[in-house]
Amino acid sequence: MYARRGKRIVDLVVAGFLLVLLSPVMLVVAGLVRWRLGSPVLFRQVRPGRDGRLFTILKFRTMRETTRDAARGGVPLPDEERMTTLGRRLRAASLDEIPELWNVVRGDMSLVGPRPLLVEYLSQYSPRQARRHEVRPGITGHAQVSGRNTLPWAERFDLDVWYVDNVSFRVDARILVRTVLAVLRSDGVQVPSTANREAIADPSGPES
C-alpha cells in the first residue's frame, strides 16, 4: 500500500512543504548563481526515470558554461576545472539539488530512490542493475546514505536494487534522517572528474 500510494502522498506533502519553507534559500542561491555565473541559473539535463521514461532534472548551476571555457580545439575542460568555488560550496551543502523538489511535485522523482544517471548509460546496465528503474528516482537514496560518491559503482547498484525490493515508510524515513545527518557533515561529497565517469556518469550530476 505504501509503495503504490502512500509514498506518492508523502512525496507531495513533504516536497510541497519544503518548497515553501526553503523558498527564501532558493531566492538567495539563485541570486548568487546569477551574480557569479550568469544565466541560466538552473542546470537542466534529461535523465531516465521510472520504467526508463525520460524527464528533465533541475538543479542550480555549479559550473561555468562549457562554451565559455572550452579548451583549444573545442574540447571541453574537465569538470573539476569548470567547477567554481560557489559550486563546491553549493554541492557540499547539497543546496544545488533543492530545485529537484519541483521534480518530485511533478511526479518525475521521489524524495527517496535510486539517483537518476545519464541516458547514454541505459544500455550498459545488467538486467539486475536495470531494476533500479522499477521505482521513481530519488533526490536521495540508500546508496547515497551508505557512502555516496565514495562507493564503487557495483556496490551502489546493489544498494539501489536492495531498495527496490524493500520500499517501505520505515526505510524511507530512515534514509531521509540519515541524509540530513550526511548533509550536515558533508559526507562523501566529491567534485566529479573524468576518472569517475569512465564507466558511468556521476550521480551528483556532472554538468557536461
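Which residues are linked in a network of salt bridges? Lys-59, Glu-97, Glu-100 and Arg-115 form this network, a salt bridge being a side-chain nitrogen of Lys or Arg within 4 Å of a carboxyl oxygen of Asp or Glu.

## Basis of the report

This is a predicted model, in which local features need pLDDT of at least 70 and side-chain atom pairs count only at pLDDT 80 or more, while totals for chains, interfaces and linings use all residues. Residues are numbered from 1 along each chain as its sequence is written, and side-chain values use heavy atoms, with hydrogens and water left out.

## Overall architecture

The chain contains 7 helices and 4 strands, arranged along the sequence as α-α-β-β-α-α-α-β-β-α-α. Helices (H or I, at least four residues) and strands (E, at least two) are DSSP runs, numbered from the N terminus.

Of the 208 residues in the chain, 46% are buried. Buried stands for under 20% relative accessible area, exposed for over 50%, and partly exposed for values in between (1.4 Å probe, protein chains only). Among contacts with a separation of 6 or more, 72% involve residues 24 or more positions apart; a contact requires heavy atoms within 4.5 Å.

## Surface

The chain exposes about 10600 Å², of which carbon and sulfur atoms supply 59%. Accessible areas come from the Shrake-Rupley method with a 1.4 Å probe, and for residues only the protein chains shown count as cover.

Val-177, Val-180, Leu-181 and Leu-184 make a nonpolar surface patch of about 390 Å². Patches are made of residues with over 30% relative accessible area and no salt bridge; like charges are joined within 9 Å, and nonpolar side chains (Val, Leu, Ile, Met, Phe, Trp, Tyr) within 5 Å. Val-177 belongs to helix α7 (residues 169–185) and counts as exposed because its relative accessibility is 51%.

## Salt bridges

The structure holds 11 salt bridges. One of them pairs Glu-100 with Lys-59, with 3.6 Å between the closest N and O atoms. This pair links distant parts of the chain, since Glu-100 is in helix α5 (residues 100–106) and Lys-59 in strand β2 (residues 54–60), 41 residues apart. Glu-100 counts as buried because its relative accessibility is 0%, and Lys-59 is buried with a relative accessible area of 1%.

Asp-158 forms a salt bridge with Arg-128, the closest N and O atoms being 2.8 Å apart. Here too distant parts of the chain are linked: Asp-158 is in helix α6 (residues 153–165) and Arg-128 in the loop between β3 and β4, 30 residues apart. Asp-158 is partly exposed at 39% relative accessibility, and Arg-128 is partly exposed at 45%. A salt bridge also joins the side chains of Asp-160 and Arg-132 (2.8 Å, N to O). Asp-160 lies in helix α6 and Arg-132 in the loop between β3 and β4, so this pair ties together parts that are 28 residues apart in sequence. Asp-160 is buried with a relative accessible area of 3%, and Arg-132 is buried with 4%.

## A buried arginine without a salt bridge

Arg-47 lies in strand β1 (residues 42–48). Arg-47 is buried yet has no salt bridge, and the nearest side chain of opposite charge, that of Glu-100, is 7.0 Å away. For charge, Lys and Arg count as positive and Asp and Glu as negative, with His and the chain ends not counted.

The side chain of Arg-47 does make a polar contact of 2.6 Å with the side chain of Gln-45. A polar contact is a pair of N or O atoms within 3.5 Å; within protein, one must be able to donate a hydrogen and the other to accept it, and residues adjacent in sequence count only if both atoms are side-chain atoms.

## Two loop residues

Ser-39 is located in the loop between α2 (23–37) and β1 and is partly exposed at 43% relative accessibility. Not counting residues up to four places away in sequence, Ser-39 touches Arg-34, Arg-61 and Glu-65. The side chains of Ser-39 and Arg-34 are joined by a polar contact of 3.1 Å. Ser-39 and Arg-61 are 22 residues apart along the chain, with 9.1 Å between their C-alpha atoms.

Glu-134 is found in the loop between β3 (110–112) and β4 (138–140) and counts as partly exposed at 37% relative accessibility. Neighbours within four places in sequence aside, Glu-134 is in contact with Arg-50 and Val-164. A polar contact of 2.9 Å joins the side chains of Glu-134 and Arg-131.
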